[in-house]
Amino acid sequence: KNMSYTIGNNVLEAITNYYLSMLPDDTKITVAGRVDGIINIDDVDLCTIYANLMKNATEEILREKKKGNSFIEVIFRQGKEFLK
């Protein structure tokens, strides 16, 4: 895959682009939302949590690929006091 996703946060972009690039070409991928400004979480903690989520999702898609209809949807929502 030659897609690159822009999210607004370098840590989240690097992790997202790394893991999504591993997926088969026929995987339906949706990345929506944006993260702007300062996040009140340490980059190491953010990397640990988000990378684990993306790793698990990617591994499951690769493991279950023979069943078809693979997709991954990543949606970022940010408020004044939260990021989800």
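**View 1. The polar contact between Asp 36 and Arg 34.** In this predicted model, the side chains of Asp 36 and Arg 34 are joined by a polar contact of 3.0 Å, a term that stands for a pair of N or O atoms within 3.5 Å, of which, within protein, one must be able to donate a hydrogen and the other to accept it, with residues adjacent in sequence counted only if both atoms are side-chain atoms. Asp 36 is found in the loop between S1 and H2, where helices (H or I, at least four residues) and strands (E, at least two) are DSSP runs numbered from the N terminus. With a relative accessibility of 43%, Asp 36 counts as partly exposed; buried means under 20% relative accessible area, exposed over 50%, and partly exposed in between, for a 1.4 Å probe and protein chains only.

**View 2. Thr 27 in its loop.** Thr 27 belongs to the loop between helix H1 (10-20) and strand S1 (28-32), and its side chain reaches the backbone oxygen of Pro 24 at 3.0 Å. Because its relative accessibility is 7%, Thr 27 counts as buried.

**View 3. Aromatic pairs.** Two aromatic pairs are counted, under the rule that rings of Phe, Tyr and Trp (its six-membered ring) pair if their centres lie within 6.5 Å, with planes under 30 degrees apart taken as stacked, over 60 as edge-to-face and the rest as tilted. Tyr 18 and Tyr 19 form an edge-to-face pair, at 4.9 Å centre to centre and 80° between the planes; Tyr 18 is partly exposed, at a relative accessible area of 49%, whereas Tyr 19 is buried, at 14%. The ring centres of Tyr 50 and Phe 76 are 5.8 Å apart and their planes stand at 50°, so this pair is tilted. Since Tyr 50 lies in helix H2 and Phe 76 in the segment after S2, the pair ties together parts that are 26 residues apart in sequence. Tyr 50 is buried at 9% relative accessibility, and Phe 76 is buried with a relative accessible area of 8%.

**View 4. The largest nonpolar core.** This core has 18 residues, and those with the most contacts inside it are Leu 12, Leu 20, Tyr 50, Met 54, Ile 72 and Phe 76; a nonpolar core is a set of buried Ala, Val, Leu, Ile, Met, Phe, Trp, Tyr and Cys residues joined through side-chain atoms within 4.5 Å. H1, H2 and S2 each supply at least two residues of the core, and its largest share, five residues, comes from H2.

**View 5. The lining of the largest pocket.** Among the 14 residues that line the largest pocket, Tyr 50, Leu 53, Val 74, Phe 76 and Lys 84 are the closest to its centre. The volume of this pocket is about 270 Å³, and helix H2 (43-63) and strand S2 (71-75) each supply at least two residues of its lining. A pocket is an open set of points, on a 1 Å grid over the protein atoms alone, where a 1.4 Å probe fits, with protein on both sides within 12 Å along at least five of seven lines, and lining residues have an atom within 4 Å of a point; grid points are joined across faces, edges and corners, and the volume is the space filled by probe spheres set on the points.

**Notes to all views.** Residues are numbered from 1 along each chain as its sequence is written, and side-chain values use heavy atoms, with hydrogens and water left out. As the model is predicted, local features need pLDDT of at least 70 and side-chain atom pairs count only at pLDDT 80 or more, while totals for chains, interfaces and linings use all residues.
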